[in-house]
Amino acid sequence: MEAHKVRTADDLRTLIQERNLKQIKVGLYDIDGVMAGKYMSHDKFLSALDGGFGFCDVVFGWDVGDKLYDNTKLTGWQRGYADAQVRIIPESCRELPLEDNMILVQGEVVGRLEGLCPRGLLRRVVERAGSMGFEPMAGIEYEFLVADESNSALLDRSYQDIKPLGHGAFGYSVLRNSVNTEFYQGLMQLCEAMNMPLEGFHEETGPGQLEAALGVDKALQAADNAALFKTFAKVLAQKQGRTCSFMAKWHQDYSGQGGHIHISLKNRAGDNAFYDPSQPGNISRTMRHFIGGMQALMPQIACMAAPTINSFRRLVPGYWAPTSALWGIDNRTVSLRAIPGSNKSQRVEYRLPGADSNPYLALASALAAGLYGIEHEIEPDAPITGNGYLLDAPPERRLPRSLWEAAQQLKHSAVARDWLGDDFVEHFAATREWEEREFQRHVTDWELNRYFEII
């Protein structure tokens, strides 16, 4: 049996038996979209397949540098870092072609910390969409840097003087993708083998910057594919002596790196609920209200699309990233790009998320906002037809300018608490406040160069 055909626990048992696997790799995604996991023995895994397994809840209690939070309530010293319970998801089974004959199976946290699990959060939003008569569909695209040197070499230089895979601004270059075939072909083959197909893959307009568009799928599977793409693109690069970075802004002179999300909704008949050929831009009433909800709530959910200090270096005018909650029809200078198409292709592109965002959280928050707009029939502003960067947006459309401000908006959002849960909102906001506090403790190169002698 092939991994992508697994649908049930019995299917998974059959695959393990056919391959005579002695170990299975299991993993789950934390609040920052980083996969935590381990190898599990054959017997332990089969037991966990029935009853789940325990995983130390510290994975939700520390930051990306494994430094423990001091401001969270559901995990911490006061809770003793007990085990979180994890259920195995058989249908998430993937081949790991870079580890001969090995498979990867994802898990979801249940029980006490279920509200913090990014995948579980998206699943619940999708289920709520289903109760409204919609099936969310999504496709996620990433811009990311490939450095033509190892991470250890970069670390030794504190990530200074990075050597990209290619030089200059050469967007859509066939020369670059024909020369650097080892990485291009390697990643395309990896994605195919892991059942996370790419619709497009090309050079972006910056040295070493590439863009990969993952195929459209049901929302939960689309987020799975996106999260796994980020993880295993890095694995492939490092096995080649290279490094991938999904930082939102790796250099002040170059455009940032987006993680744009294309979204549509199917109705109960299986048709695209966003498509109405009788309306301008084929934009249905449902799509209009979805955009209205996203526009109204975007400032409140911004930290789920821009979750790091570095995220806000990307959100500056003129660098292909939005600065306010505006929308337009096929307009890339605004946050929400309504894309006219057919019953199959009509969709909205959410351009706020950076490549550093957790795809489960970015997509869950976008769907929650849009579905809220449908529920409450929220009308959007008039679409922007010119350069959205040049407009002075009204106060209610301005996005937060720092991670701290974004965390406060999330924390005080009644809609976010309704759709995402109090536990998640409190915890995620606290982790973003922690990140801002950690940053404020450090002295940057810019400060030293600017103030050391002269002030």
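Guide: Buried means under 20% relative accessible area, exposed means over 50%, and partly exposed is anything in between. The model here is predicted.

Visitor: Why is E377 called partly exposed?

Guide: Its relative accessibility is 47%. E377 sits in the loop between α10 (359-376) and α11 (403-411).

Visitor: Why is N20 called exposed?

Guide: The relative accessible area of N20 is 51%. Exposed means over 50%, so N20 qualifies.

Visitor: And H251, what makes it partly exposed?

Guide: Its relative accessible area is 23%. Buried needs under 20% and exposed needs over 50%, so H251 falls in between. H251 is in the loop between β11 (243-245) and β12 (261-266).

Visitor: How far apart in space are H251 and N177?

Guide: 22 Å, C-alpha to C-alpha. In sequence, 74 residues separate H251 from N177.

Visitor: Which residues does L15 contact, beyond its neighbours within four places in sequence?

Guide: M1, E2, A3, V6, L21 and I103. Contact here means heavy atoms within 4.5 Å. The C-alpha atoms of L15 and M1 are separated by 5.4 Å, although the two residues are 14 apart along the chain.

Visitor: Now α7. How do you know that the span of this helix agrees with its number of residues?

Guide: Helix α7 covers residues 219-239, which is 21 residues. At 1.5 Å a residue, α7 should span 30 Å. The end C-alpha atoms of α7 are 30 Å apart, so the two values agree.

Visitor: What makes α7 mostly covered?

Guide: 16 of its 21 residues are buried. Just after α7, G241 takes a positive phi of about 80°.

Visitor: Why is D224 called buried?

Guide: The relative accessible area of D224 is 3%. That is under the 20% cut-off, so D224 is buried. D224 lies in helix α7. Leaving out neighbours within four places in sequence, D224 is in contact with R94, Q106, R119 and Y360.

Visitor: Next, α13. Why does E433 count as buried?

Guide: E433 has 11% relative accessibility. E433 is in helix α13 (residues 422-440).

Visitor: Which residues does E433 touch, not counting those up to four places away in sequence?

Guide: N71, W404, A407, Q408 and K411.

Visitor: Why is A429 called buried?

Guide: A429 comes out at 0% relative accessibility. The limit is under 20%, so A429 is buried. A429 is also in helix α13. Setting aside neighbours within four places in sequence, A429 contacts A407, L410, K411 and F424.

Visitor: How far is A429 from Q408 in space?

Guide: 7.1 Å, C-alpha to C-alpha. They are 21 residues apart in sequence.

Visitor: Now the whole chain. How do you know that its radius of gyration agrees with a compact globule?

Guide: With 455 residues, a compact globule would have a radius near 23 Å. The chain has 22 Å, so the value agrees. The C-alpha atoms fill a box of roughly 65 × 60 × 55 Å along the principal axes.

Visitor: How many helices and strands are there?

Guide: The chain has 14 helices and 15 strands.

Visitor: What share of the chain's residues count as buried?

Guide: 55% of the 455 residues. The chain exposes about 19,600 Å², with carbon and sulfur atoms supplying 50% of that area.

Visitor: What share of the contacts with a separation of 6 or more comes from residues 24 or more positions apart?

Guide: 70% of them in this chain.

Visitor: How many positive and negative side chains does the chain have?

Guide: 47 positive and 59 negative. The centres of the two sets lie 1 Å apart.

Definitions and conventions: Residues are numbered from 1 along each chain as its sequence is written. Side-chain values use heavy atoms; hydrogens and water are left out. Helices (H or I, at least four residues) and strands (E, at least two) are DSSP runs, numbered from the N terminus. The radius of gyration is taken over C-alpha atoms; the globule rule is 2.2 Å times the number of residues to the power 0.38. Buried means under 20% relative accessible area, exposed over 50%, partly exposed in between (1.4 Å probe, protein chains only). Accessible areas come from the Shrake-Rupley method with a 1.4 Å probe; for residues, only the protein chains shown count as cover. Lys and Arg count as positive and Asp and Glu as negative; His and the chain ends are not counted. The place of a charge is taken as NZ of Lys, CZ of Arg, CG of Asp or CD of Glu. The expected span of a helix is 1.5 Å times one less than its number of residues.
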